[in-house]
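Open the model in your viewer and keep the selection tool at hand. Each stop below says what to pick and what to look for.

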Amino acid sequence: MADADPRRITDLDTLKAFGHPLRMKLYRALYIARSATASQLADQVDEAVSLVSYHLRKLADHGLIEEAEQQGTDGRERWWRTASQGLSVHDEDFTDAPEKAATHAAVGRMSFEQHSDLYRGYLDTQGAWDADWRRAAFSSEYLAPLTAGELAALSQEMHELVKKYEAAGRAAEDAGDTAGRENVALHLYAFPFRT
């Protein structure tokens, strides 16, 4: 069973393995699906099954995903799942060498670009969602004068709140309550800046 806590990536090789654009998309798709085959994921990311299989094996080599319980009748199909409930990457784990810092920054930029693409996709199709979903969706910016300690406390509280809602949604889904339930992306960024 997947670890219930996010896995903290602390080594450069694992960060590099995860930092491939297709692998990041596959990890996200697998996290949402909970378990899937390379064929199912290939359909979602619009790539060849052989390429998806290769990248899934690379994620597995670094312990980011693992084989899941067989779910179909075809014993040849290999099922995958994430090895933890998400991933986390912290700046302090990659500041002791220029290559580490550069890789950390590159992966952060790539992650941001994928988040932006996901949000752009929603904006492009916003009119296709019913009014309840359009009213519920939001985009906000808050500008607050905080200390580093206050920002850390805010981050912790927000993570706990989001995890509470995610766990409740997954439990409801597991219980068969799927009516009106959609995948929701919530991207949070908090960082200091000067004007």
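**Stop 1: the whole chain**

Show everything as a cartoon. This is a predicted model. The C-alpha trace spans about 60 × 50 × 30 Å along its principal axes. Count the elements: there are seven helices and five strands. Read from the N terminus, their order is β-α-α-β-α-α-β-β-β-α-α-α. Colour by accessibility next. Of the 195 residues, 25% are buried. Now turn to contacts between residues at least 6 apart in sequence: 65% of these join residues at least 24 apart.

**Stop 2**

Select residues 36–37, which are S2, 65–67, which are S3, and 79–82, which are S4. Together they make an open sheet with the order S2-S4-S3 and antiparallel pairing. S2 and S3 are the edge strands; each has a single partner strand, so one side of each has no neighbour in the sheet. As background, strands of a sheet pair through backbone hydrogen bonds, either parallel or antiparallel.

Now go through the pairings.

- S3 with S4: antiparallel, over three bridges. Pick Ile65 and find its bridge partner in S4, Thr82. Then pick Glu67, whose bridge partner in S4 is Trp80.
- S2 with S4: antiparallel, over two bridges. Pick Thr37; opposite stands Trp79 in S4.

**Stop 3: two crossing helices**

Select H2, residues 21–33, and H4, residues 49–61. At what angle do the axes of H2 and H4 cross? They cross at roughly 80° and come within 10 Å. An angle from 65 to 115 degrees counts as roughly perpendicular, so H2 is roughly perpendicular to H4.

Show side chains at the crossing. H2 makes the contact with Leu22, Arg23, Leu26 and Tyr27. From H4 come Leu51, Val52, Tyr54, His55, Leu56, Lys58 and Leu59.

**Stop 4: aromatic rings**

The whole structure holds four aromatic pairs. Zoom in on one of them, Phe112 with Tyr189. Their ring centres are 5.3 Å apart. Are the rings stacked or edge-to-face? The planes stand at 70°, so the pair is edge-to-face.

Phe112 lies in helix H5, residues 98–125, while Tyr189 is in the segment after helix H7 (148–174). The pair therefore ties together parts that are 77 residues apart in sequence. Check the surface around both. Phe112 is partly exposed, at 39% relative accessibility. Tyr189 is also partly exposed, at 43%.

Next, select Arg170 and Tyr31. Arg170 lies over the face of Tyr31, at 4.8 Å from the ring centre.

**Stop 5**

Leu118 is partly exposed, at 40% relative accessibility. Leaving aside residues up to four places away in sequence, which residues does Leu118 touch? It touches Ala185 and His187.

Move to Asp13 in helix H1, residues 12–18. Asp13 is exposed, with a relative accessible area of 53%. Asp13 and His62 are 49 residues apart in sequence, and their C-alpha atoms are 8.2 Å apart in space.

**Stop 6**

Finish with the backbone. Most residues other than glycine have a negative phi.

- Arg34: select the loop between H2 and S2. Arg34 is not a glycine, yet its phi is positive, about 75°. Its relative accessible area is 25%, so it counts as partly exposed.
- Asp46: select the loop between helix H3 (38–45) and H4. Asp46 is not a glycine either, and its phi is positive, about 55°. Asp46 is exposed, with a relative accessible area of 69%.

How values were computed:
Residues numbered from 1 in each chain as written. Heavy atoms only, no water. Pairing = 2+ DSSP bridges. Helix = DSSP H or I, 4+ residues; strand = E, 2+ residues; numbered from the N terminus. Phe/Tyr/Trp six-rings, centres within 6.5 Å; stacked < 30°, edge-to-face > 60°. Buried < 20%, exposed > 50% of the residue type's maximum accessible area, 1.4 Å probe, protein only. Lys NZ or Arg CZ within 6 Å of the ring centre and 35° of its normal. Contact = heavy atoms within 4.5 Å. Axes fitted to C-alpha atoms, helices over the stretch in contact; angles between N-to-C directions. Parallel < 35°, antiparallel > 145°, perpendicular 65-115°, else oblique.
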